[in-house]
Amino acid sequence: MIAIINYEAGNLTSVKRALDYLNIPNTITKDPTTILNSQAIIFPGVGAAGSAMSNLIENNLDKILHQAKKNSIPILGICLGSQIVLEVSEENNTKTLGLIPGKCKKFSPDLKDQDGNYINIPHMGWNSVSLKQECILFDNIESKAEFYFVHSYYPSPEKDFILGTTKYGLEFCSVLGKDRLWAVQFHPEKSGRPGLKLLENFYNYARRIKNA
């Protein structure tokens, strides 16, 4: 079963609907025992870093996520979840989880697109991912596949943790991770067939290592 972390940060039900569609057993929970006994964890989120961290700390979920990583439970961060796995966020000048070294940065309004026009913030809509390292999440997903983004901030991890990038005013990290911890800046649950395949790949990986 996949545990979807419940910390009052947005798109929990849309993630659950996507997993239900794929017939992947899942539950939305903040219960530590349920989370730590799950096959895998999805850490989604929509909203601000400051309030998200407050909710995590209030429910002791920050410590639970660190314990899950220590226990080698596969974790997938989505959107806000991809930002607060880092050490600090420029949003609200927030100290974040520190599961991956790096920081979350804000898009500068001075950035321009390939046609020389200033970019719109937030970055909203469909965009592609260029893989920089092999990543099991993208098995059998076409290289030209596009995913749905909605964000004003982006992850900037240390280089070894950059798995994929996307271009929007600059080339930013859109897929990050290592050692059974991954995070994506886009919303796979809103990204049609490629996004569903990514979620399926995550679950199949978790099931394989559980049965190994």
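## Salt bridges across the chain

Lys-132 has a relative accessibility of 46% and therefore counts as partly exposed. The structure described here is a predicted model. Lys-132 forms a salt bridge with Glu-171, with 3.3 Å between the closest N and O atoms. Because Glu-171 belongs to strand β13 and Lys-132 to the loop between β9 and β10 (146-151), this pair ties together parts 39 residues apart in sequence. Glu-171 is likewise partly exposed, its relative accessible area being 43%.

The count of salt bridges comes to four. Among them is the pair of Glu-90 and Lys-103, whose closest N and O atoms are 3.7 Å apart. Glu-90 is placed in the loop between β5 (88-89) and β6 (94-95), and Lys-103 in strand β7 (residues 102-106), so the contact ties together parts that are 13 residues apart in sequence. Glu-90 is partly exposed at 33% relative accessibility, and Lys-103 is partly exposed at 33%.

Lys-197 is partly exposed at 23% relative accessibility, as is Glu-200 at 28%.

## The eight-stranded sheet

Eight strands form an open sheet with mixed pairing, in the order β2-β1-β3-β4-β14-β13-β12-β9. Strands β4 (residues 75-78) and β14 (residues 181-184) run parallel and are joined by four bridges; Ile-78 has Val-184 in β14 as its bridge partner. Helix α6 (residues 192-211) packs on the sheet, where it touches β1 (2-5), β3 (40-43), β4 and β14, and its direction makes about 150° with that of β3.

Strand β13 (residues 171-178) is mostly covered, with six of its eight residues buried. Five bridges pair β13 with β12 (residues 162-167) in the antiparallel sense, and Lys-167 stands opposite Glu-171. Three residues separate β12 and β13 in their hairpin, and Gly-169 in the turn has a positive phi of about 80°. Strands β13 and β14 run antiparallel, joined by four bridges, with Gly-177 opposite Trp-182. Their hairpin has two residues between the strands, and Asp-179 takes a positive phi near 55°.

## Packing of helix α1

In helix α1 (residues 12-21), the buried residues are Leu-12, Ser-14, Val-15, Ala-18 and Leu-19. These buried residues pack against β1, β2, β3, β4 and α6. Asn-23, which follows α1, has a positive phi near 60°.

Terms used: Residues numbered from 1 in each chain as written. Predicted model: local features only at pLDDT ≥ 70, side-chain atom pairs only at ≥ 80, totals over all residues. Heavy atoms only, no water. Pairing = 2+ DSSP bridges. Contact = heavy atoms within 4.5 Å. Axes fitted to C-alpha atoms, helices over the stretch in contact; angles between N-to-C directions. Buried < 20%, exposed > 50% of the residue type's maximum accessible area, 1.4 Å probe, protein only. Salt bridge = Lys/Arg side-chain N within 4 Å of Asp/Glu carboxyl O.
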